[in-house]
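Please look over the two-chain model shown below before reading on. The report that follows takes up its cores, its strands and a few single residues in turn.

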Amino acid sequence: MVSGLINENPTVYERKERRVRTDSTNSDEFSVEPIDQLEIFDHIRDIRDPEHPYSLEQLKVLTEDSVEVDDLKSYVRVTFTPTVEHCSMATIIGLSVRVKLMRSLPPRYKIDIRVAPGSHATEAALNKQLNDKERVAAALENPNLVEMVDECLSPSFE
Amino acid sequence: MDLMEKNMELIEVQKLEGHTDRVWNAAWNPVSPILASCSGDNTVRIWEQSSLSRSWSCKTVLEETHTRTVRSCSWSPSGKLLATASFDGTTAIWEDLGDEFECISTLEGHENEVKSVSWNASGSYLATCSRDKSVWIWEVLGGNEYDCASVLNGHTQDVKMVLWHPTMDVLFSCSYDNTIKVVWWSEDDDGDYQCVQTLDESTNGHSSTVWAISFNAAGDKMVTCSDDLTLKIWRADISMMHSGEGYAPWTHVCTLSGYHDRTIFSTHWSSDDIIASGAGDDAIGLFVESKQHDSVNGPSFNLLLKKEKAHEMDINSVQWSPSKENRLLASASDDGMVKIWQLETIP
């Protein structure tokens, strides 16, 4: 059988244990807790790979270190690593991460998404596209792309 | 009058609520106290100022014509027609009938999202541009007929904005390919439009997507803004073109950098020479030319003021009102709001 997959045999890694975020020193339930790296990683770790029945965490497309956050400045940057250099699914992965963060984070947040330096053949073009909000807005009005993104964001494989 | 010597403040006059998605663009009617805004909610809202209370309210919503985001809107010079460009691939022409707006024509031809539309100074031509990389020039024939006069395929990536020169039939376009192109129709040539100049990095141009263009009232200076976080000022000897001596090239005057730390999506040059900028850092910047003319470095522009947190999210459009009586600025944002600001002198 001829496979149309871009990466037929991806390496699958163990998922990291989920840490429960408790802050025993903070007893005031009305105090504002800053958004941190782990919280943002929790929002995106289970996004499903467009090609495989694994999460982006399991394929090490994303790790906790992929997330840089500055809550005071309302800024987050996610750097993901496609499994192969010529991954044509990188756009869908980037869009999925952006959509998940747009839905999860307060609207004051500025979000940058990029591929890890040296991890993709068309790195600069990809980064430019993923951070052009007009292109992103247009893509998210395209039913075919929205279907693919929704598929990546569906929690069904748990 | 030297604005830099005065204490200026940008005062929020009114917040116009109604759009249910990000607002991409705002456009002042050139004749009447009317503002149009367009949005990701697929609608256009027409806001009108009450002559009694001076407050602004939504007069009508233009909907059920565009099926996707309405990216930009532009009034004809007479103020009677409004052109709207949409991600649905069409450009609609609306006529103001007094008590309502009627869609009198739909321009089809682009392969995908139309991003910008502009009328020339006399209202006899329209230009549109798209993600399909092309710029179309439409001739206004009368009787609600619009005919495609030319399709220009100069850009290598999607074209973000088109704008006609304020006094001459010269068309400017800017693109995701980081360039600005100047298109000129020369009578003595073979009667076709052609790109006469490309402003790119090699001519001190931008190093990333160019989002917007604006001209001063005289039309001899131009400002552009970009994803490279800069604004650039350009100038040309347009008297040479007016006297028919041929094309006068545009040259880089100066670069304003360090004022915004996210993409600058919009810039607009007011009739009294104040340049406004709106950016992804939620801030509005205002700039004026320095009166201390430096004979070595040429003209320079200084920050008049920066309004931080002008909106809660990205600012997509800043537009000065054409009204001479007061300095009104409209801004449109991802937060779904249109705001009207007044630039005032603080005693």
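Which residues have the most contacts inside the largest nonpolar core? They are Ala36(B) and Ala127(B), and the core to which they belong has 94 residues. A nonpolar core here is a set of buried Ala, Val, Leu, Ile, Met, Phe, Trp, Tyr and Cys residues joined through C-beta atoms within 7 Å; a residue is buried if 20 or more other C-beta atoms lie within 10 Å of its own, exposed if 12 or fewer, and partly exposed in between, with C-beta atoms placed from the backbone. This is a predicted model, in which local features need pLDDT of at least 70 and side-chain atom pairs count only at pLDDT 80 or more, while totals for chains, interfaces and linings use all residues. Residues are numbered from 1 along each chain as its sequence is written, and chains are lettered from A and ligands numbered from 1 in the order in which they are written.

Leaving aside residues up to four places away in sequence, Ala127(B) touches Ser118(B), Val135(B), Trp136(B), Ile137(B), Val162(B), Trp164(B) and Leu171(B), where contact requires that the C-beta atoms of two residues, placed from the backbone, lie within 7 Å. In soluble globular proteins, nonpolar side chains tend to be buried together.

Chain A has five helices and three strands, which follow the pattern α-β-β-α-β-α-α-α along the sequence; helices (H or I, at least four residues) and strands (E, at least two) are DSSP runs, numbered from the N terminus. Of the 158 residues in chain A, 28% are buried, and among its contacts with a separation of 6 or more, 65% are between residues 24 or more positions apart. Asn9(A) lies in the segment before helix H1 (37-44) of chain A and counts as exposed because it has 9 C-beta neighbours inside 10 Å. The C-alpha atoms of Asn9(A) and Ile47(A) are separated by 19 Å, the two residues being 38 apart along the chain.

The contact between the chains takes twelve residues from chain B and seven residues from chain A. On the side of chain B that touches chain A, three residues are nonpolar, four polar and five charged; Ala, Val, Leu, Ile, Met, Phe, Trp, Tyr, Cys and Pro count as nonpolar, Asp, Glu, Lys and Arg as charged, and the others, Gly among them, as polar.

**Strands of chain B**

Why is strand S23 (residues 275-279) of chain B described as largely enclosed by the rest of the structure? The reason is that five of its five residues are buried. Ile275(B), Ser277(B) and Ala279(B) point one way from S23(B), whereas Ala276(B) and Gly278(B) point the other way. In a regular strand the side chains alternate between the two faces of the sheet.

| Partner of S23(B) | Bridges | Residue pair | Hairpin residue with positive phi |
|---|---|---|---|
| S24(B), residues 284-289 | four | Ser277(B) and Gly285(B) | Asp282(B), about 70 degrees |

Elsewhere in chain B, four strands form an open antiparallel sheet in the order S1-S28-S27-S26. Its edge strands, S1 (7-16) and S26 (315-320), each pair on one side only. Within this part, S27 (residues 328-333) and S28 (residues 338-346) of chain B are joined antiparallel over five bridges, and Ser331(B) has Lys339(B) in S28(B) as its bridge partner.

Thr106(B) belongs to strand S9 (residues 101-108) of chain B and counts as partly exposed because it has 15 C-beta neighbours inside 10 Å. Not counting residues up to four places away in sequence, Thr106(B) touches Thr90(B) and Ala92(B).

Key. Pairing = 2+ DSSP bridges.
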